[in-house]
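Morning, everyone. Please look at the screen, and I'll talk you through a few contacts.

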Amino acid sequence: MSVEPGGKPPAWRRYLRFWGSDVDADVADELQFHLDMRARDYEARGLPATDARQAATERFGDVHGIGGVLRAHDRRREHRRQRIEYMSDLTNDVRYGLRAFTRAPAFTIVALLTIALGIGATTAIFSVVNAVILRPLPYHESDRLVQVWMDNRRTGLKEDLHSWPNYADLRDQNRVLSNMAAYVTGGYNITAGCRENECEPRRIGALFSTHDLFDVLHVTPAMGRGFTAQETVPGSDGVVLISHGLWTGLLGSDRNILGRAVRLNGRERTVIGVLPPNFAFPNRDTDVWVPLAMDEDLKQSRGSFGLWSVARLKPGVEFPRAVSDLTTIATRLEQQYRDSNRDFGVHLVPLPEQVVGRTLRTSLWVMLAAVAAVLLIDCANVANLMLSRAAVREREISVRVALGAARTRLIRQLLTESVLLSVMGAVLGVGLAWIGLRVLTGLAPEDIPRLDQVAIDLRVLAVTLGLALFTGLAFGLVPALQSSRAAVGSALREGIRGGTQGRRAQRLRRTLVAAQIALVVVLLTGAGLLIRSFMHLQRMDLGFQPDNLLTMKLSLPGAKYATPESRFGFFDSLIERTRQQPGVQSVGMIGNIFLSATPTSTTFTVEGREMTPEERNIEVPIDAVSPDYFRTMGIPLREGRTFTATDNLTAPPVVIINENMARHIWPNESAVGKRFKYGRQDSDAPLMTVVGVVADMRRTGFDSPVRYETFRPHTQRAVGFLTLVVRTAGDPLQLVPAVRAQIKAIDAEQPVFEVASMDQLLGSMVAQRRFSMALLGTFAGLALVLGVVGVYGVTSYLVAQRTREVGVRLALGAQPGQVVGMVVRQGMVVAAAGLVVGLLGAVAATRLMTGLLYGVSPHDVWTLAAVTVVIGLATLAANWVPALRAAHVDPLTALRSE
Amino acid sequence: MRSETGDLLQGTLSILILKALLGGAAHGYGIARWVEATTDDVLRIEEGSLYPALRRLEDNGWVSSEWGLSENNRRARFYTITRAGRAHLRAEASVWFRYAGAVTQVLRSSPSLA
């Protein structure tokens, strides 16, 4: 403190008061004044000046201490005062803003709806991203969970399954996992909920796991207990844990369910626990968890792959270290067991990523980006609206400036208005989002995990609030700066003449429009690419005729249908009875796999020639089909014959392969009559004669390549799991009751599941793509409309501003066509700038979409050309209409108008 | 501290300040001088504590302050008693009178000291 007796505070201190009171200087002044006065009095009594000051200071006491106390006190009080003032200013601004809105209802409604739409759409999509991606899985520290796969370099399948010995070695030798569980998924025919001997057999999803699965996941059953190690020994495994859904549904919420038995595939198992309601591992379709009781010889077979595995990282172990540790073990196993493990590695995926696949993640993020772009376009529109309104309000603002409002104060007030507007829009938007989410989750494909948990929760609301503040500032800041500058600069002079915003404002509007167009271009390109991908998929030749096909699945319980003969009997009567139904043209069945992503596969060995190393590593799927399968599916036979009833267990083993395999394995010669066996050279599988070659078919989905295929007659390979395929004359779904009745007549306890027409099956395979396409298409359409509205609005406004100029031109003899040309040309220059920036942006942005595209390059020229044409036409129209209107004003009216 | 009557109680200081301000707006030094003059220097205000006391009174809404020019044309902070301050002074004064009366009565009772 500068309280030297008689000293003066430095001059610059005084300028601080310009911004508000300067607390420190005030305290110093007050105390100094006191000391000076006291000293003066002492002097008057005759003391020399220096002594007088000395005495005054002494009499006062602790000058520094008291000054400090006063400064602290005054600072606190000053802060409080400022806060109160700010709050009261804010209340005033809000009140003032609300009044301004009621004075301009049309502007307010349009702006509110625009904001509500943008924020609502963003909120809705963010709620989906939040529920599906961001929210942790319902397991303790779910980010420490990893799915462990076998990286199969022979087939290129990174997510292949383990054999038990490999799993056991990985589990026992690693130093990075606290535990590691193995499991197999499957299904059960359940017989429960019977009333008066009338049971509706049902198919439920099952999971067979090692006892520590629940330890890995850190989940404890809501009732009862998990498995013990003892219960995974074959023979002691007659226990089951059930899902909350099964318990409350089929089992009627029986409080005494523990210890009761349920019949699964005809075998009784004791219920030992009920899992919590939100437990859904590995998916929502799983209703029972059973101990994985593997036979000893299967546990010894390093070449039998079929186990999934999930593990928990040890505390402190990071993901990359876990990968390298397990890879080391896999490499060691590769060297140790050349035959079974060559080219096998490990592949780890964090469980949250596994549950929500990469494609879905990408498409959700793309959606969020798209909707954010829509919001930005929205902001630009509202900013333009605000600019137009600012022009109208110029006079009002000028008056405020003239009355002494500071520019900062004015900006604050204008920003308060725009944030107020955006917050009100956001409230509406949350309502829209709520409605939108109902629609969205209703239309979304069922296989999006955790979609049922989508909700507008606190995190979503926080983001919405953030969006509201952001948008309020985004569309409010520039107009606020603009109009406060104009107001302070031109004050009343220009304002009174009716407001002419300068070139600056015009340039600003044009920049906003160009930015809008650029964003629209990016969105349209993204949507266009998805549409092109989808069209590619739709046009793809699947290799069979999918219309008028009914499919359903059956699983014969091993206990009931133990012998091949009993299964053949079932198949024969099933096919025969179904064929006799009216409206059925033909009936076929196929074993294990159908439109499946992970078929059971094996290597094979050709008779009579040396296999190349590549050929030795090829794995072919094994399948069993009935004689009429190919005819029913509409798969043409290229060569040889199909199976007949005589291809049975007593006849020589036969096989049908697809064209792709025939062409590559027996090039330049007929495959018919050639022989091969499953397994390697030393395999004791029988040699099979190729009797026919069928056309290629994409059986593992639209976007996967054609593979090799081998089909066995179902009468030589007695499968227990099958898909029935029925070709019908009319709507395939009409036949469902009749076919079900036949199955019930053969075996009343036999459930059928996944009953669907082929069109439905194929539809569900592309459902996610269709959904992404529809959503992105909607956003792009919305963006286009908003963008056109923006262009139209700005051109109209700028033209209206130039009414007088146009009038002069017309009066001087300009043709209306010239005026139209001039206006349109100016508008199109802006549009072209936006288009160029947008195309560059699209080329950069769509690279992120590569995983979502099919058969289309992210830089697809046709899409970019189409977008250019659409944008060109749309902006041309949006400029033309206001230009025409401008050109047809009466010159005299135009000149008089101001 | 050098006061002949010992330390002034805080409440007493408030009373003195408010009373001083009844005569009109005054700066801190003016208040100190008025108290000295009125009590013939018997009650000497502890000058250091005068200003914090003024802040307390201001916080309570009993006095208000503003910057002005002093008699010798210097920038000084002037304090004014508020309506609430007058009411407070009246209440405090009546308490003081009753207290002082009671103490006087005790001291005057027999056996007399004098």
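In chain A, helices α13(A) and α24(A) run roughly parallel to each other, a label for angles under 35 degrees. Helix α13 covers residues 358-392 of chain A and helix α24 covers residues 767-801 of chain A; they pack at about 15°, with axes 10 Å apart. By class, their contact has 17 nonpolar, eight polar and one charged residues. Here Ala, Val, Leu, Ile, Met, Phe, Trp, Tyr, Cys and Pro count as nonpolar, Asp, Glu, Lys and Arg as charged, and the others, Gly among them, as polar.

A word on the source. This is a predicted model, where local features need pLDDT of at least 70, side-chain atom pairs need 80 or more, and totals for chains, interfaces and linings use all residues. Residues are numbered from 1 along each chain, chains are lettered from A and ligands numbered from 1 as written, and side-chain values use heavy atoms, without hydrogens and water.

Now the rings. How many aromatic pairs does the structure hold over all chains? There are 20, counting Phe, Tyr and Trp (six-membered ring) with centres within 6.5 Å. Take Phe630(A) and Phe711(A): edge-to-face, 5.1 Å centre to centre, 85° between planes. Edge-to-face means planes over 60 degrees apart. Phe630(A) is in helix α20 and Phe711(A) in strand β22, so the pair ties together parts 81 residues apart in sequence. Both Phe630(A) and Phe711(A) are buried, meaning under 20% relative accessible area with a 1.4 Å probe, protein chains only.

Notes: Axes are lines fitted to C-alpha atoms, for helices over the stretch in contact, and angles run from 0 to 180 degrees between N-to-C directions. Helices (H or I, at least four residues) and strands (E, at least two) are DSSP runs, numbered from the N terminus. Angles under 35 degrees count as roughly parallel, over 145 as roughly antiparallel, 65 to 115 as roughly perpendicular and the rest as oblique. Rings of Phe, Tyr and Trp (its six-membered ring) pair if their centres lie within 6.5 Å; planes under 30 degrees apart count as stacked, over 60 as edge-to-face and the rest as tilted. Buried means under 20% relative accessible area, exposed over 50%, partly exposed in between (1.4 Å probe, protein chains only).
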